[in-house]
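Subject: Model handover

Hi,

Here is the model we talked about. Please have a look, then read my notes below.

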Amino acid sequence: MEAYSVLRDLCIIVVFAKAFGLLARKLRAPQVVGEIVAGLIIGPCVLGIVQQSDFLAEMAEIGVILLMFSAGLETSIQDLKRTGVIAFLIACAGVVVPLIGGTLLYQAFYGFSPWGSEDFLKAVMIGCIMTATSVSITVRSLQELGHLKGIVGTTIMSAAIIDDVIGIVVLTVVLGFKDPSANIGRTCLMTALYFVLALVLGYVIYRLFKIFDERHAHTRRIPILGLALCMFMAYVAEKYFGVADITGAYLAGIILSSIKDSDYIAEKMDINSYMLFGPVFFASIGLKTDISGLTPSILLFCIGFVVVALIAKIIGCGLMAKAFRFNWNESIKIGVGMMTRGEVALIVSQKGLAVGLLDPIYFTAVILLIIFSSILTPIVLKFLYTRFPDKTEMLEGRYSKAGTGNMENSEF
């Protein structure tokens, strides 16, 4: 009977997730918002017709791994190379300021805890959720405005890509601290060793895949082997290095992002993700959200969470941009462009819940953040570009003025 119940639950999840996803898209909101709302409605918050189970949790884990693998496949290594020091430092500021802001917010509400204690790690996890920028939402907003390839748009996109990488590393370190036997040195060492291993083996694997891809171009065996690599790297990361499995999946995607059939692999992965695993993952966020304990103090925390998360990105990224001689209008555009949150924030939240560093009640705050940032960012950017249009279009000229030297022959 349990097997039949699972089939029923999957049917309900797929239908509701897609229906509300389409409704969200009609309302010009990210489709992922609709899928989360669907989980809220069919879960214990409203109808209670679907309950979270171990099977659905495992399906959701596969979904998040596939999602991060696809994100890696869509990451341009050339874009990462061209970003340079400026975009990297803007991304760092976009991680550090929200991380500190979220940690202090939690401690302001629930008291300051000693370094390394579980309550302190819970505070850091709140900050960690705030760090990730949604590359997809940012890029789509700039595309709609026609400013993706301008000086500000290029900087935002490059910094957002790096921002997500740094955010995943921060998550990995935080999760490592949850292990009572772990210490700062060991956690950082194991994380560094995994990235070194991924770099060395990644190059070898890339060369092998490139040869195999040339001999068997556009065949189904390419995405099958790519999926196997994804699962292998995710397993090795979690099992032997204490690194989050999503980090391994993301790196697997980056390794294969430069082969000719990377788009073909991504297309096949999207079929699995779009049809089943994606809806299950995002709906499971709603299923795990419990608002029965939503007290006035929790609601006030949710409001503070959204406000701090949005302002922290504007302050961190904006001030760092201003330090490199962007004018104030451009700096604010960069800060606003970096404040969108999406899938990565949900992934970080999911991992925090899995290890006991996040209470389900705080998913409400994350969902509110995604909704508000996704709606506000395009509106505010449109206002800023209309009120203060870019007067400089030459990227190379601005970066040479920024004190970075002659950039005409640089990779940027």
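Helix α3 passes helix α10 in a right-handed crossing (the near helix is turned clockwise from the far one by less than a right angle). Note that this is a predicted model: local features need pLDDT of at least 70, side-chain atom pairs count only at pLDDT 80 or more, and totals for chains, interfaces and linings use all residues. Residues are numbered from 1 along each chain as its sequence is written, and side-chain values use heavy atoms, without hydrogens and water.

The helix pair

α3 covers residues 54–73 and α10 residues 221–240. Their axes come within 11 Å and cross at roughly 115 degrees, so the two helices are roughly perpendicular (65 to 115 degrees). From α3, the contact (heavy atoms within 4.5 Å) takes Ile-62, Ile-65, Leu-66 and Phe-69. From α10 come Gly-226, Leu-227, Cys-230, Met-231 and Ala-234. By class, eight are nonpolar, one is polar and none is charged (Gly counts as polar, Cys and Ala as nonpolar).

The second largest pocket

This pocket (an open set of points on a 1 Å grid where a 1.4 Å probe fits, with protein on both sides within 12 Å along at least five of seven lines) holds about 540 Å³ of space. Its lining (residues with an atom within 4 Å of a point) has 14 residues. Closest to the centre are Ile-77, Leu-199, Leu-251, Ile-254 and Ile-255. α4 (77–82), α9 (184–215) and α11 (245–256) each give two or more residues. α9 gives the most, with six. The lining has 12 nonpolar, two polar and no charged residues.

Best wishes

Key
Axes are lines fitted to C-alpha atoms, for helices over the stretch in contact, and angles run from 0 to 180 degrees between N-to-C directions. Helices (H or I, at least four residues) and strands (E, at least two) are DSSP runs, numbered from the N terminus. Angles under 35 degrees count as roughly parallel, over 145 as roughly antiparallel, 65 to 115 as roughly perpendicular and the rest as oblique. Grid points are joined across faces, edges and corners, and a volume is the space filled by probe spheres set on the points.
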